[in-house]
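Have the structure open while you read.

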Amino acid sequence: MRLLIESYRACPELAWGRYAVVDAGNAAVLAHRRDTEDGTIVAVHNFGADPTKAALKLTGLDASCLLKDVLTNGSERVAKDGSVTPELARYGCRWLRVEHDHR
Amino acid sequence: MRVIADLVVNHTSDQHPWFQSARSSPDSPYRDWYVWVDEPPADGPQGIAFPDQETSVWTYDEAAGQYYLHRFYKYQPDLNVANPQVRDEIARTIGFWLQLGLSGFRVDAVPFLLETTGQDDAGQLPDPHDYLADLRAFLGRRCGEGVLLGEVNLPYPQTMTFFGAERDELTMCFDFIGMQRMYLSLARGNAESLAEVLRDRPEPPKDAHWATFVRNHDELTLDKLTDTQRQEVFEAFGPDPEMQLYGRGLRRRLPTMLGGDRDRIRMVYSLLFSLPGTPVLFYGEEIGMGEDLRAEGRLAVRTPMQWSPEPGPGSPPQQSPSCPVRSRTASTGLSASTSQPRSATRSRCCPGCGC
């Protein structure tokens, strides 16, 4: 809970950002993004009891972007067309911050 | 740190001096502080909050010789907020607590507080929303950072009216609809029913917010789901009739409903903190407390905070039979929880093993 509270405080996007549900290409997964002028957080949550993958297409992102995990140390590459396929553990959850210029 | 407190002004106790005076005589200065009728009106408030305990929202009082309105239990007579004296008294109450340093209130039962249906002169009464806007303005004058966090469990279009149209009313409204859909999604292992409602959820006005929550101090109400949907959630998280309440909810806490599955519990709280809205926690959620079904009704989720594993109030089960508390998860109190490497609080201090 402390990590969540600290991370929430460190992510103004979550408090102030615009908000949109993103098609996760997977019924078990809820994906949404929060955008401010300064940054974007993409969150993915697996409601299922099995490990799975989401298939996201993120508007405005390309291969120069990297999605960095906020709650852990992982990251995800973004394809040229903005596609990302983050893996999720059983009931997994990830907050992914968009970092630019990772070409 | 800022502190807010519950503002419960829909009703008083029937033992309150105001009500005791009101029932004693039609000439009592407090008579009109409550809602009295000779006969329960057909067009009066509908819906009984506690159908297992009450059969009507009107109860005949022998001393008064009239019926009085009580939206909740019969020992909780509704105050008449159409009476300017009652309004002034509520403002005084708010002013008193702000002067002591509170930064706002969680306003209990807002739609019930404001309703005037069924009163003889309902048509002539001022718009209840004006009253809520007046309260908000009063709060703002006394405390610039003050907030009103309202309990409004209605469909979104109706809830939106409590944020205020031309004037500010509630700063935040609890998102009961999103909360109920979240449980449906959890029960199904399918995110779609939550996603659907999140796509359609209206945006609060500028500087107003949804207050998101997983559990609160009442039963987990599922009253805005269809009967079939509610049954799905009952089957997944509270199949035993003893876990169910009022036919509409579950008197349980999250960790026990999820069978102590830490991955799943973390996922739910991660969702709470990442969805748009102000996350609101109920005490005990920080340490993964469970409910005690031996306690009556809603009290099952209102057992003392488990501060320590030692015997005494707030201790885990078996050790304090007079004050039973129970957690079926591994967490056995705050002090244990912060020192155990895999507990709900501790693991969240360590990004490497957190959710």
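This is a predicted model: local features need pLDDT of at least 70, side-chain atom pairs count only at pLDDT 80 or more; totals for chains, interfaces and linings use all residues.

1. Start with the open sheet in chain B: it has 6 strands, paired in parallel, in the order β1-β5-β6-β7-β8-β12. Ignoring direction, neighbouring strands here are turned by 30° against each other on average. Look at the edges, where you'll find β1 (5-7) and β12 (278-280) of chain B; each has a single partner strand, so one side of each has no neighbour in the sheet.

2. If you want a landmark, Phe213(B) sits opposite Val280(B) in β12(B).

3. Elsewhere in chain B there is antiparallel pairing. Strand β3 (residues 58-61) is joined to β4(B) by 4 bridges, with Trp58(B) opposite Leu69(B). The two strands make a hairpin with 4 residues between them, and Gly65(B) in the turn has a positive phi of about 75°.

4. β4 (residues 66-69) of chain B also pairs antiparallel with β2 (residues 36-37) of chain B, through 2 bridges. Here Trp36(B) has Tyr68(B) as its bridge partner.

5. Finally, how many residues of chain B are in contact with chain A? There are 30, and they meet 28 residues of chain A. Elements giving two or more residues to the chain B side are α6 (176-188), α7 (192-200), α10 (262-274) and α12 (344-347). The largest share, 9 residues, comes from α10(B). By type, that side of chain B divides into 14 nonpolar, 8 polar and 8 charged residues.

Conventions: Residues are numbered from 1 along each chain as its sequence is written. Chains are lettered from A and ligands numbered from 1 in the order in which they are written. Two residues are in contact if their C-beta atoms, placed from the backbone, lie within 7 Å. Ala, Val, Leu, Ile, Met, Phe, Trp, Tyr, Cys and Pro count as nonpolar, Asp, Glu, Lys and Arg as charged, and the others, Gly among them, as polar. Two strands pair if DSSP finds at least two bridges between them. Axes are lines fitted to C-alpha atoms, for helices over the stretch in contact, and angles run from 0 to 180 degrees between N-to-C directions.
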